[in-house]
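User: Please take me through this model step by step, and show me how each kind of feature is read.

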Amino acid sequence: MTITPLDTLDFDGEPFDVLAWSLALEPATSPAPRPESAPSTAPQALPLSSAVPVVRHTTTPAPSPTAPVAAGGAPADPISALLQEVRSELVTAHLSAMDVQTALQRRALASLGRDEHIARTDTEIAPTSPTWAEQSFAVMVDYAPATGLAISAAPGHPVVFELPAPATTMNAFKFLARTPITTLRGADLAALGGGEVAAVFGPAYDQEGVNPAIRLTDGAHGNLTEVLEIAGREGPWARGRLRATCRIDGPDPVTAATELAWQAAQVFAMRAGLQLCLAGARFQAGEPFEVTVSAPMTGPVELIADVVQIDLVPRPWLRINAEIRCAGEVVARVHGLTLEVAEEPGLPIGPEVGGGIPRFLGRRNAFGQRALLGEFHMTHSARGDLGIALGPEFSAYAGRRATRMPNHGLQLCDRVMAVDGRRGQLDAGSSHTEYDSPADSWYYLESANASMPNVVYMETSLQSALLLGYFLGATLTSPGEDFSLRNLDGSATVLREVDLRDKTIQQTSRLIDTTVLVGVVLQTFSYELAVDGEPFYAGESLFGFFNAPALANQNGLDNGEFVPTWLDSQERRPAVRVIDVAARRAAGTGLPCAVGHLAMLDRIETVDSAGAFGLGYLRATRAVAAGDWFFGYHFHLDPVMPGSLGVEAVIQAMQEWTIDSGLAAELVAPEFVLPVGVSMSWRYRGQILASDELMTLEVHIKSVERRRGRIRVIADASVWKPSMRIYELTDVAVELRDADAQPW
């Protein structure tokens with residue numbers, strides 16, 4: 001048909017609004033039967049959070065499947081033929097008008113910078129669960145030649161969803177296993193078709209034999225022939241992209257597009273290691289999705305699949321959008337195809353009552369050793385079902401403020417390898433846990449340090465310890481209470497310099513003692529971090545689990561009195577020199593500054609030859625707002641700034657002072673490292689909340705030490721919230737070294 005110019009396009013009826021459109025078109029006649037490889041059933045779905053509207057593929061009108069047809073394909077009744085032709089033209093015209101108006105409204109939304117809210121109706125769920133093979137090819141569309149792609153609508157309310165924001169360095173999905181493999185040849189795809197995932201991607205993907213359900217399915221109408229690229233943080237959502245060449249093997253373009261997109265989702269899921277979360281896992285299709293075919297699929301075919309979302313909660317899953325191109329032109333699109341990893345029915349997926357692990361839950365570490373709990377459980381401990389993470393006793397905390405691990409980029413414990421202790425016995429116990437530290441982690445990219453910053457040293461050790469105490473049942477002493485976890489005291493020492501990029505950090509934690517009071521549980525731990533079997537960090541720390549009344553009764557470090565900073569307490573204000581950190585960061589010259597999430601300071605006031613030790617004094621402030629990134633990551637339903645970030649802010653002030661004082665000029669190619677052999681200690685008696693509006697810190701330089709190729713600065717420091725002094729730090733140290741300098 002001929003599309004009229006846009007300025008004359010019109011039709012009768014209520015104006016079409018894409019924001020309220022429910023795809024509930026019922027074909028006037030029964031749709032043509034699907035190919036056997038694409039059954040009409042659709043599996044139960046995860047909650048939607050992204051999709052786009054269906055754009056229909058219009059074709060030359062074909063006879064209705066129910067109209068009488070004479071030999072040669074023409075309708076036997078001329079009147080029926082005429083009515084059918086008129087109906088087809090009307091339907092096609094209306095659909096074309098709707099497509100144009102949809103595009104206009106999408107463009108208007110984009111110009112406003114708003115997320116798109118599209119309404120859609122799911123397909124009808126079969127009364128019996130489809131098989132895994134059926135789920136693999138369940139699609140939202142039926143092929144009806146008279147109207148292009150017709151929707152099989154279902155009764156009920158439409159599902160409303162939004163397009164997600166692109167991933168950031170902080171919330172980017174971390175693959176469960178690491179491999180250098182980013183391309184796949186035909187033989188590799190054949191091996192994946194046989195379930196040989198570890199043979200293709202490496203031993204880190206071994207799940208103790210071949211899982212028959214985790215394999216690349218073979219399409220009847222389309223198949224991938226070569227994967228040109230698998231990238232973890234590419235694409236418009238920065239969550240991953242897969243590019244592949246394809247082969248079309250059948251005449252049905254809808255099924256071919258579906259099969260190619262499904263295979264792309266399977267390959268990406270295997271590469272990300274989603275199947276490693278659950279023993280006996282299988283792939284299944286999730287919610288209904290949408291297919292658009294706009295031209296024949298002929299000649300060489302290329303597929304580009306972008307990961308829209310990927311997560312481990314409530315079960316491992318990902319959603320992709322895919323384009324299929326011929327000769328550089330897009331001929332088909334698949335929107336919102338969701339792949340889920342499902343557990344073997346009837347088998348436990350987490351600890352049982354008492355914390356016992358009933359069976360191997362599917363996760364091995366990079367050395368082939370069985371883990372008790374894996375990334376799936378740690379993610380649930382941060383922002384999912386605590387019953388899955390720790391056992392049924394913790395399910396009652398759903399929706400309540402409860403002790404949780406930090407989430408996303410601040411979740412720094414991946415696996416529990418062993419626990420020595422019994423739930424309810426809180427006098428002693430130990431655990432061995434692991435954390436994989438990829439080289440592209442946010443903290444390497446944003447730190448001024450040559451390797452891992454101090455905040456991550458502190459967090460990964462403290463998180464492993466708190467997990468041990470929580471797993472053993474510290475809060476189960478009063479299960480009706482809502483407990484918040486706070487770190488109170490600690491000391492830690494760097495034992496050796498080590499580059500931790502792409503290393504697995506092995507964490508050993510030991511519970512020393514537990515004190516149970518009214519509304520408070522106190523626990524003391526020792527811990528040690530090692531890599532390649534050799535320790536590099538060790539310390540001790542005191543944690544407190546507080547109910548709401550106990551948490552509200554905080555007096556800071558000075559028994560409720562407000563003690564001003566040294567600078568504010570001087571009768572005659574001394575001359576102050578300002579270090580403009582923000583300007584230096586913007587210039588990007590000289591030694592690097594902390595940037596991004598780690599940029600905690602913009603301006604530092606200094607007083608030379610002053611302070612408690614007469615060697616220099618620093619004071620800085622940081623505005624605090626509810627939108628600060630760390631409140632969303634630490635903790636779920638209990639937002640508080642990590643104390644380790646307060647320590648990090650002090651370290652950044654000292655680093656900037658070291659540069660500003662000219663100490664770096666003594667070195668040839670200086671870089672910051674964590675000083676070895678200095679025992680830093682801390683006391684926390686309060687926390688920075690979103691309502692506090694301002695954090696203030698001061699630093700008293702107490703020593704500047706020099707060795708060949710190295711400069712070390714040690715200080716004491718304090719941190720304030722508006723009403724009280726809450727952190728006290730002793731022997732905080734920073735160090736500059738030349739790259740070839742001998743150890744201190």
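Analyst: Let us begin at the end of a helix: H13 is followed by Gly662, whose phi is positive, near 85 degrees. Helices (DSSP runs of H or I, at least four residues) and strands (DSSP runs of E, at least two) are numbered from the N terminus. The model is predicted, so local features need pLDDT of at least 70 and side-chain atom pairs count only at pLDDT 80 or more, whereas totals for chains, interfaces and linings use all residues. Residues are numbered from 1 along each chain as its sequence is written, and side-chain values use heavy atoms, with hydrogens and water left out.

User: How does the span of H13 compare with what its residues should give, and how many of its residues are buried?

Analyst: The expected span of a helix is 1.5 Å times one less than its number of residues. The 18 residues of H13 (residues 643-660) should therefore span 26 Å, and the end C-alpha atoms are 26 Å apart, which agrees. Buried means under 20% relative accessible area, exposed means over 50%, and partly exposed lies in between (1.4 Å probe, protein chains only). In H13, 16 of the 18 residues are buried, so the helix is largely enclosed by the rest of the structure.

User: Which way do strands S13 and S15 run, and how many bridges join them?

Analyst: Two strands pair if DSSP finds at least two bridges between them. Strand S13 (residues 429-437) and strand S15 (residues 503-517) run antiparallel and are joined by nine bridges, with Asp436 standing opposite Thr504 in S15. S15 also runs antiparallel to strand S16 (residues 520-531), to which eleven bridges join it, and in S16 the bridge partner of Asp513 is Thr524. The hairpin of S15 and S16 has two residues between the strands, and there Gly519 takes a positive phi near 80 degrees.

User: How many salt bridges does the structure hold, and what does Asp568 pair with?

Analyst: Side chains of opposite charge can pair when their charged atoms come close. A salt bridge is a side-chain nitrogen of Lys or Arg within 4 Å of a carboxyl oxygen of Asp or Glu, and the structure holds 44 of them. In one of these, Asp568 pairs with Arg619, with the closest N and O atoms 2.8 Å apart. Because Asp568 lies in helix H11 (residues 566-569) and Arg619 in strand S20 (residues 617-623), the pair ties together parts that are 51 residues apart in sequence. Asp568 is partly exposed at 46% relative accessible area, while Arg619 is buried at 12%.

User: Where do Arg683 and Glu728 lie?

Analyst: Their side chains meet in a salt bridge, 3.4 Å from N to O. Arg683 lies in strand S22 (residues 679-684) and Glu728 in strand S25 (residues 724-738), so that the pair links distant parts of the chain, 45 residues apart. Arg683 is partly exposed at 34%, and Glu728 is partly exposed at 26%. Elsewhere, salt bridges that share partners join Glu497, Glu671, Arg710, Arg712, Glu735 and Arg737 into one network.
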